[in-house]
Amino acid sequence: MTTATLPHWDMSVVYPSLESPQFAEGFRALQEHIAALGTLFDEHSIGQQTPAPLTDQTRQTFEQVLGQVNAVNEEASTMRAYINGFVSTDSRNATALGRLSELQQQQSILAQLETRFTAWIGSLDVEALLAGSKLAADHAHALRQAKQRSAHLMSPAEEALTAELRLTGSSAWSTMQSTFSAQIMVPLEIEGQPKEAPMSVVRNLAGHPERSVRQRAYEAELAAWQRHAVPIAASLNAIKGEVNTLTRRRGWDSPLDEALFGASMDRQTLDAMLGEARQAFPHFRRYLHAKAKAMKLPKLAFYDLFAPLSAESKSWSYDESKDFILTQFGGYAPHLRDFAARAFREDWIDAEPRLGKAGGGFCMRLRKDESRILVNYETNYGGMSTLAHELGHGYHNTRLAQRTQLQRRTPMTLAETASIFCETLVKRAALKDATPAASVEILEASIQGQCQVVVDITSRFLFESQVFGRRQARNLSVEEFCEIMREAQRDTYGDGLDEQALHQYMWAAKPHYYSGDLSFYNFPYMFGLLFGLGLYARYQADPNAFKGSYDELLSSTGLADAATLAARFGIDLHAPDFWRASLDVIKQDIDRFEQLVG
């Protein structure tokens with residue numbers, strides 16, 4: 001299968017098209033159901049913040065309201081995924097962008113209702129409610145979280161105004177950054193001819209086997225970001241300024257404290273994990289030095305991070321990757337293979353890089369047990385590994401399918417559990433019968449990704465921490481954003497990279513910074529990687545016992561905090577030893593990689 005024939009996902013299972021009467025009817029129905037939910041809230045005074053007695057009538061009202069909250073959120077989730085299916089694959093689609101804007105208006109109303117629901121839960125005796133209602137008990141974690149979050153709400157009028165203003169605030173700035181970045185065309189000489197290429201295509205050249213091509217692409221990319229940096233910096237300033245303001249008004253100590261609460265994680269766990277990650281930096285720098293040596297370079301530049309070690313590296317066509325993944329998933333369990341086969345068969349995957357398509361990769365739940373997976377497929381081991389990773393997210397969604405909308409709300413810390421596990425499955429299988437040369441390629445691709453999740457993620461965490469701190473005083477300039485990013489990369493990569501060839505515009509390239517609702521969209525990835533590696537070690541130690549509880553763990557990721565779920569496998573997240581053991585798995589791969597390239 002060539003790049004030109006890589007699959008596009010099929011969204012027609014929900015509606016024939018954005019212009020279809022069926023979509024119009026579905027959108028109208030969603031609007032009506034959101035309005036009806038608002039009426040229900042008004043009838044029962046949902047939103048009061050003063051303590052209320054827990055009567056039988058209150059329990060009945062709670063069960064009625066919660067049922068409708070779950071139903072409407074389910075409907076909105078599918079609509080959001082359907083429209084994003086068009087926006088993320090073609091940022092120039094005016095119809096999709098228009099519908100997205102209309103949906104955001106409805107999401108704003110739904111957000112206000114959710115805030116009212118949270119405030120109302122805060123007024124109730126939640127523990128007594130859990131004891132007297134099975135439906136409440138089934139949603140215990142969500143209700144206890146709502147009780148805690150209610151203590152950080154502003155007045156109802158302020159929360160309602162905030163939800164409305166976000167449409168023209170952080171939400172608008174986020175949309176601007178994503179659509180603007182996706183449409184940037186980069187002048188670049190390709191095969192001796194001056195051309196213009198989409199930013200996503202130019203960034204993909206970071207994996208080109210020829211260093212001169214990678215360097216030209218890197219220089220062209222940085223020049224393009226520099227030309228377009230002013231509006232992107234304005235987006236970042238606006239979003240971080242809004243978050244700082246709301247964090248302060250809601251009584252959180254910092255944006256990080258709110259992010260940790262949303263991630264179902266405490267500061268002690270974060271400190272233990274980041275502390276052990278920093279202790280492991282010298283090992284990742286050993287890997288970077290070994291890669292430089294294998295490439296006959298004195299030191300790697302940033303544009304060498306994703307370079308293959310050989311121009312003759314094994315090519316993984318899309319079909320070869322598909323077959324390999326199906327085989328390895330089947331070796332773990334037939335139902336995992338059947339899931340992946342269904343994803344390929346029913347066109348859940350959009351794999352072709354093209355103009356206007358979002359960069360990177362992600363998996364989004366569409367409806368029930370169906371997902372959609374976006375990748376920009378490259379014909380190398382990394383492309384196969386990324387595909388397996390995103391399929392892992394889709395499998396996780398199938399395990400959550402029987403849960404209600406509130407029960408499915410998995411924190412990012414646990415959202416990577418199945419993806420890391422599936423990625424590790426294919427890696428271990430690929431290494432099993434590989435030649436030394438192939439082993440180098442596989443290990444390098446794996447460690448390369450882990451270096452990003454441990455080292456680069458730490459740089460992103462440091463960058464965002466600095467930006468939040470400085471943004472309290474004033475807007476930051478393009479030059480300041482670049483300097484903060486350079487310093488974060490120097491602090492983490494150290495002597496593993498050439499200081500004169502870092503990526504100072506990574507803040508413009510990464511969409512993770514541009515959310516008003518989700519700050520510190522970075523450290524949960526590290527948690528996910530290390531937690532996933534820890535679980536894989538337990539699978540190796542006792543496969544049968546692991547399989548008996550793994551799917552139940554995946555189905556429960558919205559039902560408890562990270563520490564409680566980890567304890568099921570005898571894991572203490574506060575203990576540095578756990579994080580060190582997971583990092584030691586990576587260290588062993590680095591040792592083997594050093595020996596092979598040496």
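Trainee: What volume does the second largest cavity have?

Mentor: Rolling a probe the size of a water molecule over the atoms shows where empty space is left. A cavity is a set of points, on a 1 Å grid over the protein atoms alone, where a 1.4 Å probe fits but cannot get out, and lining residues have an atom within 4 Å of a point; grid points are joined across faces, edges and corners, and a volume is the space filled by probe spheres set on the points. Here the second largest cavity has about 40 Å³, and its lining consists of Leu37, Phe41, Val69, Asn73, Leu110, Leu113 and Glu114. The elements giving two or more residues to that lining are α1 (21-43), α2 (56-87) and α3 (94-123), where helices (H or I, at least four residues) and strands (E, at least two) are DSSP runs numbered from the N terminus.

Mentor: Keep in mind that this is a predicted model, in which local features need pLDDT of at least 70 and side-chain atom pairs count only at pLDDT 80 or more, while totals for chains, interfaces and linings use all residues. Residues are numbered from 1 along each chain as its sequence is written, and side-chain values use heavy atoms, with hydrogens and water left out.

Trainee: Which residues line the largest cavity?

Mentor: That cavity, with a volume of about 60 Å³, is lined by Ile420, Glu423, Thr424, Lys427, Ser446, Gln450, Leu529 and Leu533. Helix α18 provides the largest share of this lining, four residues.

Trainee: How should I read strand β5, and which way do its side chains point?

Mentor: In a regular strand the side chains alternate between the two faces of the sheet. In β5 (residues 370-374), Glu370, Arg372 and Leu374 point one way, Ser371 and Ile373 point the other way, and all are buried, meaning under 20% relative accessible area, with exposed over 50% and partly exposed in between (1.4 Å probe, protein chains only). Two strands pair if DSSP finds at least two bridges between them; β4 (residues 362-367) runs antiparallel to β5 and is joined to it by five bridges, whereas β3 (residues 349-350) pairs with β5 in the parallel sense over two bridges.

Trainee: Is His393 buried or exposed?

Mentor: His393, in helix α16 (residues 381-399), counts as buried because its relative accessibility is 14%. Leaving aside residues up to four places away in sequence, His393 touches Cys363, Ala415, Glu416 and Ser419, where contact means heavy atoms within 4.5 Å.

Key:
1 Å grid on protein atoms, 1.4 Å probe; cavity = no way out; pocket = protein on both sides within 12 Å on 5 of 7 lines; lining within 4 Å.
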